[in-house]
Structure formats: structure tokens, C-alpha cells
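User: I'm new to this one and would like to get my bearings. Can we go through it together?
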Amino acid sequence: MAVAISGNGWSSVFDGEERSMLQGLDSAIKNLPDGVLVTWNGARFDLPFLQDRARLIDVELGLDLVADTRSRSRRDPLPGHDGGYLGRWYGHRHLDAYAVYRADVGASLGMPCGLKPLSRLVGLSPVEVDREAIHQLTPKELEDYVASDAILTRELALRRWSTAQRAIDVLR
């Protein structure tokens, strides 16, 4: 497993042993200036998955998730979950950019909103690999692949920021 975060001109990839990876990710997020944590389908997959893994191995994260009763999808939720979540990680509010694109671009054009196809559509160049062979990637190839997803997610959110910022999670 590997996770990446990206900012203005930088990205960091966390991989290796799961405990240290999750602790490193949590520490990095804690030490960033407060802002918005942007994910691509993170409300329904990434954030609950990371929280589940952390609980399983007794790693404490600064991640708060609350069930989002408004979240609807034609896809099945992550096993063990009823649907999506609103989130906050320390002082960072959460934005699921996939939900923003799905709600307007996907609905208007009748197209799926996968990260890589949508990125290619708008002229970005995602790093692509055979998903069935991810386990065969070299450490550098895995780092490039995971960092690419974080960079693309950030870029797509920024391109739609006037709309996207209205979809930032609000935890009550």
C-alpha cells in the first residue's frame, strides 16, 4: 500500500510497512498548515479505508469521519460501510473532488468520472500502470504512480475551485 499527498509544487509518498506508513502520513498532514484535503472518491473509499487499516493495527489518526446521509452512489460502498463520509483530518477540511465532477460534468455529459480518463480528457498526463500488476512495480514506479494520482486530484480540484469549494465537507 502507498499513499501520496501533494501541494503547490511538491508531493510526498508514504509506503513501506503499514504502521510506519500510516504514522508518517498522519504526521505529515498534522504538520501542514490548515487547509483543504482533497481526495478522489475519498469519501467513499480512501478515508474510510485508511481509518479501518489504522484501527486494525492500533494506529491513532487525526482523522474524523461522520456518515454522510446525502452521499449516494450506484456503486457498492466499501465493505463494512453503508456509504460515504464527511471528513476532517486535524485542521484540514475534506473535499471529494470526484463527487464534484460526478455531480455536474458526469451528469451533464453522461460520462464516468474516473481520475485518469477525466485527466486525459482535460489534457493532463496521468502515470498509468496495469492495475493487475501494481505489485510488480519497482519502488520508483510505484512512487511515480501514487504521486501522479495526488497531483492530478489537486489539479482537477483547482480547475473547478469556484464550484468545488462549495462542496467542502462541513462536520457538525
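User: Which residue stands opposite S6 in strand 2?

Analyst: Strands here are DSSP runs of E at least two long, helices are runs of H or I of at least four residues, and both are numbered from the N terminus. Strand 1 and strand 2 (residues 10-15) pair in the antiparallel sense over six bridges; to pair, two strands need at least two DSSP bridges. Across from S6 sits S11.

User: Can I take these positions at face value, and how are residues numbered?

Analyst: This is a predicted model, where local features need pLDDT of at least 70 and side-chain atom pairs pLDDT 80 or more, while totals for chains, interfaces and linings use all residues. Side-chain values use heavy atoms, without hydrogens or water, and residues in each chain are numbered along the sequence as written, from 1.

User: Which residue in the turn between strand 1 and strand 2 has a positive phi?

Analyst: The two strands make a hairpin, with two residues between them. In that turn, a phi of about 85° belongs to G9.

User: Is strand 1 mostly covered or uncovered, and how many of its residues are buried?

Analyst: Buried means under 20% relative accessible area with a 1.4 Å probe, counting protein chains only. Across the protein chain, 42% of the 172 residues are buried. Strand 1 (residues 2-7) is mostly covered, and of its six residues the buried ones number five.

User: What pattern does the protein chain follow along the sequence?

Analyst: The protein chain has six helices and six strands. Read in order, they go β-β-α-β-α-β-β-β-α-α-α-α.

Notes. Buried means under 20% relative accessible area, exposed over 50%, partly exposed in between (1.4 Å probe, protein chains only).
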